[in-house]
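Here is a friendly walk through the inside of a protein model.

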Amino acid sequence: MRLEDLQSFALICDTGQLSRAASRLGSTQSALSKTVGRLEAEFGVPLLERTARGMVPTAAGAQLLAHTRQLTTVCNDIQASMAQQRAATSGLLRIGVLPVLTHALLSPLIASFLPTRPLARFRFESELSTRLVQRLEDGHLDLAFVALPDSIPPGMGHLPLGQLRISVVARQGHPRLAHFRQLADLAGEQWALPSRDMLLRRWLDARLAAHQLPEPVVIVESADTPSSFAALLQRSDLLGIASTAMLAQPAGQGLCALEGADFHWQHRLGVLWRQQAALPPLAQEFRDLAVAWCEGREF
């Protein structure tokens, strides 16, 4: 017994004519007659009879038709379920991430995700939060890992990921390290900092302004991640800013956070997605993994 034979039998019953069923299947009446003959020989009972209304199932044929419909439903459910599994384990996941989170969050997340989803593919963009939100709204991203704004944009779902802790840093052998106790002590010091439009730099500038202190004397400025300054800070007396996660990485060795409440601040991190668009199963799973992975962590 073949599923194709049963489906052909069901179509004959539905159309009432061999010719119509053959036309829909792209087959011939002769081939369908052989299919019916094969089923009747296998079950040992007649399954169809000719009437003025066309081909109709016999009592045994009606039972076979009912079983065939049930079997077809089961097969369709299996195909749909497997399609969902395929979608959940494969496909392209488009992610936006703050530069400061690329190494501290995204890289370890992908590394822990791939063993269970080896068919997944990733494309990520490292941008400022405002740019990532715009890319998300335009449909170019599935998820965005950002510093959460005070007001979440309309139509966006979000979940918290913990706190981004930022510190003013210097090399461990900095000659004036012991004298840095408050922001005013940094006046006249030279800095290596992210560009003005980047989140970390804006926080520092705002903090200095709130204390009515002059802007930092920036010797080196870049739109790259703070970790790109690590080697420079380790070999000079320049000051910089870094996240807790960066200081814990090999790139942060030889650097230390200045002691004192003035030199540290925090901001909420979160993952955003568009509520008006269906989030792919792969993206849902990656989002939930990120939330669980970030629990209790500080970046």
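## Cavities and core

Pro99, Val100, His103, Ala104, Thr225, Pro226, Ser227, Ser243, Met246 and Gln249 line the largest cavity. This is a predicted model, in which local features need pLDDT of at least 70 and side-chain atom pairs count only at pLDDT 80 or more, while totals for chains, interfaces and linings use all residues. Residues are numbered from 1 along each chain as its sequence is written, and side-chain values use heavy atoms, without hydrogens and water.

A cavity here is a set of points on a 1 Å grid over the protein atoms alone where a 1.4 Å probe fits but cannot get out, and lining residues have an atom within 4 Å of a point. Grid points are joined across faces, edges and corners, and a volume is the space filled by probe spheres set on the points. The structure holds two cavities of 30 Å³ or more.

| Cavity | Volume | Lining by class |
|---|---|---|
| Largest | about 90 Å³ | five nonpolar, five polar, no charged residues |

Now for the packing. A nonpolar core joins buried Ala, Val, Leu, Ile, Met, Phe, Trp, Tyr and Cys residues through side-chain atoms within 4.5 Å; buried means under 20% relative accessible area with a 1.4 Å probe, protein chains only. The largest such core has 48 residues, and Phe145 is among those with the most contacts inside it. Elements giving two or more residues to this core include β3 (90-97), β5 (143-147) and α7 (199-210). A second, separate core has 17 residues, including Leu6 and Leu39.

Helices (H or I, at least four residues) and strands (E, at least two) are DSSP runs, numbered from the N terminus. In α7, the buried residues are Leu199, Leu200, Arg201, Trp203, Leu204, Asp205 and Leu208. They pack against β5, β6, β7, β8 (217-222), β9 (240-243) and β11. After α7 comes Gln212, with a positive phi near 55°.

Finally, Arg94 sits in strand β3. With a relative accessible area of 19%, Arg94 is buried.

How values were computed
On a 1 Å grid over the protein atoms alone, a cavity is a set of points where a 1.4 Å probe fits but cannot get out, and a pocket is an open set with protein on both sides within 12 Å along at least five of seven lines; lining residues have an atom within 4 Å of a point. Ala, Val, Leu, Ile, Met, Phe, Trp, Tyr, Cys and Pro count as nonpolar, Asp, Glu, Lys and Arg as charged, and the others, Gly among them, as polar. Buried means under 20% relative accessible area, exposed over 50%, partly exposed in between (1.4 Å probe, protein chains only). Contact means heavy atoms within 4.5 Å.
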